[in-house]
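Hi everyone, thanks for making time.

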Amino acid sequence: RIGFLRHINVGELIKDHKCYEGRDEELDTNILDEDKLLDILEGILDKAVEQNEGIVIDFHMPLIFPERWFDLVLVLRTNTEILFDRLTAREYNDKKRSENMEAEIMQIILEEAREGYATEIVHEVPSNTIEDMEQNLSRVEAWCRQWIEDNSDKS
């Protein structure tokens with residue numbers, strides 16, 4: 001949980017439900033079964049709507065998700081030196097680390113989010129330090145409180 005929101009780490013969900021259809025040995029990673037993942041997430045989100053529960057979905061491939069699922073999209077950005085150290089600590093192989101570094105430098109995730117979702121809901125935020133992460137959390141909580149206030153008479 002993040003405050004009054006439920007956090008879903010999609011990477012963990014993929015592992016827990018075996019949402020993969022093979023293995024990419026070169027990148028040392030599983031190949032995502034998008035249909036299986038989306039079916040599972042849709043069930044989770046439908047239940048959350050029934051229970052009037054807010055959800056934070058944490059993942060790095062924005063274009064696989066339907067636009068209708070989101071009211072806010074945050075793209076976390078990291079200084080490449082910090083990112084390199086994080087990926088090294090995760091023991092990513094050279095190719096996978098290089099691919100991730102290139103994606104950050106070329107702003108691939110940010111551009112995909114801007115292409116896939118309404119411009120006004122996509123926001124770029126720093127994720128270099130613990131303080132950045134705490135500020136991002138506070139931002140999300142404030143945004144949610146405002147969203148609830150703005151939409152409370154619409155239900």
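Which residues form one aromatic cluster here? They're F59, F65, W69, F70 and Y117. Before I go on, keep in mind that this is a predicted model.

Okay, so let's stay with the rings for a moment. The structure has 5 aromatic pairs. One of them is F65 with W69, a tilted pair, with 5.9 Å between the centres and 35° between the planes. F65 is buried, at 8% relative accessible area, and W69 is buried as well, at 16%. W69 also pairs with F70, this time edge-to-face, at 6.5 Å centre to centre and 65° between the planes. And F70, like W69, is buried.

In general, nonpolar side chains in soluble globular proteins tend to be buried together. The largest nonpolar core in our model has 24 residues, and the ones touching the most other members are V10, L37, L41, F65, V73 and V122. Two or more residues come from each of α1 (10-16), α2 (34-50), β5 (73-77) and α5 (108-116). The biggest contributor is α2, which gives 6 residues.

Take V122 from that list. Skipping neighbours within four places in sequence, V122 contacts V73, V75, L110, A113, R114 and Y117. You'll remember Y117 from the aromatic cluster.

The charged end of K96 sits over the ring of Y92, 4.3 Å from the ring centre. As for cysteines, C19 is buried at 0% relative accessible area, C144 is buried at 11%, and the disulfide count is 0.

Definitions and conventions:
Residues are numbered from 1 along each chain as its sequence is written. This is a predicted model: local features need pLDDT of at least 70, side-chain atom pairs count only at pLDDT 80 or more; totals for chains, interfaces and linings use all residues. Side-chain values use heavy atoms; hydrogens and water are left out. A disulfide is a pair of cysteine sulfur atoms within 2.5 Å. Buried means under 20% relative accessible area, exposed over 50%, partly exposed in between (1.4 Å probe, protein chains only). A nonpolar core is a set of buried Ala, Val, Leu, Ile, Met, Phe, Trp, Tyr and Cys residues joined through side-chain atoms within 4.5 Å. Helices (H or I, at least four residues) and strands (E, at least two) are DSSP runs, numbered from the N terminus. Contact means heavy atoms within 4.5 Å. Rings of Phe, Tyr and Trp (its six-membered ring) pair if their centres lie within 6.5 Å; planes under 30 degrees apart count as stacked, over 60 as edge-to-face and the rest as tilted. A charge sits over a ring if NZ of Lys or CZ of Arg is within 6 Å of the ring centre and within 35 degrees of the ring normal.
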